Amino acid sequence: MYAYTLNQYQEAARHIRTKTKYQPKIAIVLGSGLGELAQKLEYKDTIPYSEIPHFPVCTIPGHLGNLLFGKLNNVPVCLLQGRFHLYEGHTPQTTTFPIRVLKELGIQTLLLTNAAGGLNPDFRVGDLMLINDHINFPGMCGLNPLRGPNLNEHGPRFIAANDIYNQKLLATIKTLAQHQNLDLKEGTYACVSGPNYESAAEIRFLKNFADAVGMSTASEALVAHHASIKVLAISTITNVCISDPTSNNTPSHEEVMTASQEIMPKLTTLIWELLPKI
Ligand code: HPA
């Protein structure tokens with residue numbers, strides 16, 4: 001789908017409202033292998049994506065496809081257990097459909113998580129990186145979720161994109177990490193379409209401009225920002241990108257899933273502590 005109407009977002013939101021009494025202000029998108037935060041959710045309402053009008057369907061292992069409502073550390077939240085990617089064949093408008101539904105539900109803060117390959121030579125598998133900026137390669141080449149008729153009810157046609165990642169939220173989470181003695185990295189996220197991991201030459205190219213690379217997040221952040229939703233995004237570094245074409249060390253989906261599950265407790269603690277401070 002290349003363009004949705006406000007009515008379609010509102011139909012989805014109306015359905016969701018009939019299935020839960022929660023009206024959270026915070027939503028969290030759980031990336032590859034990061035669905036585990038859902039196990040901590042108390043008093044949970046589960047709404048399968050497949051039951052929500054116009055919602056896309058998840059096609060990848062590790063992305064369950066549920067919208068969850070409940071409380072984390074006493075804070076009402078909405079969790080998106082599974083997201084949509086360009087590489088599944090979705091348009092950028094479809095990958096970001098849930099974000100506009102969240103806006104219609106009254107969400108004011110969006111926390112995006114993802115699995116990413118480390119480009120920065122200082123990064124190790126298991127690191128967490130705060131995203132403070134992005135390069136949206138598909139977006140720069142026309143696969144931009146804001147392309148097409150503008151949704152004036154959410155935001156204007158031309159928006160600034162130098163301030164997508166909320167400075168206040170970044171400061172709050174950095175202070176928290178200091179108190180937890182947690183080494184949080186910070187940097188630029190390069191979004192690529194996938195589904196292949198990058199060639200050695202692509203990695204050498206990307207290393208000039210970005211600290212981590214992944215196949216999601218930038219479009220969601222952009223659409224949320226367009227709708228004046230505050231955005232915080234965290235990458236889990238699941239593999240180190242190899243720029244040597246003769247290396248036998250190649251990334252795989254299994255490696256990414258295993259690493260994200262290992263990083264999950266660290267990320268869970270951080271988000272748990274952060275929520276009451278938002
Ligand atoms: N490249 C792109 N996406 C990814 C990677 C990677 O190395 N690791 C996890 N997601």
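The buried residues of α8 (under 20% relative accessible area, with a 1.4 Å probe and protein chains only) pack against β1 (26-30), β5 (109-118), β6 (128-136), α5 (167-179), β7 (184-191) and β9 (230-240), where contact means heavy atoms within 4.5 Å. Helices (H or I, at least four residues) and strands (E, at least two) are DSSP runs numbered from the N terminus. The model is predicted, local features need pLDDT of at least 70, side-chain atom pairs count only at pLDDT 80 or more, and totals for chains, interfaces and linings use all residues. Residues are numbered from 1 along each chain as its sequence is written, and side-chain values use heavy atoms, leaving out hydrogens and water.

Among the buried residues of α8 are V256, I263, M264 and L274. M264 is also the site of a kink of about 45°, shortly before the proline P265; the bend is the angle between axes fitted to the seven residues ending there and the seven starting there.

Searching the whole structure gives 2 cavities of 30 Å³ or more. A cavity is a set of points on a 1 Å grid over the protein atoms alone where a 1.4 Å probe fits but cannot get out, and lining residues have an atom within 4 Å of a point. The largest holds about 100 Å³, and helix α7 (residues 218-226) contributes the most to its lining, with 3 residues.

Key. On a 1 Å grid over the protein atoms alone, a cavity is a set of points where a 1.4 Å probe fits but cannot get out, and a pocket is an open set with protein on both sides within 12 Å along at least five of seven lines; lining residues have an atom within 4 Å of a point. Grid points are joined across faces, edges and corners, and a volume is the space filled by probe spheres set on the points. Buried means under 20% relative accessible area, exposed over 50%, partly exposed in between (1.4 Å probe, protein chains only).
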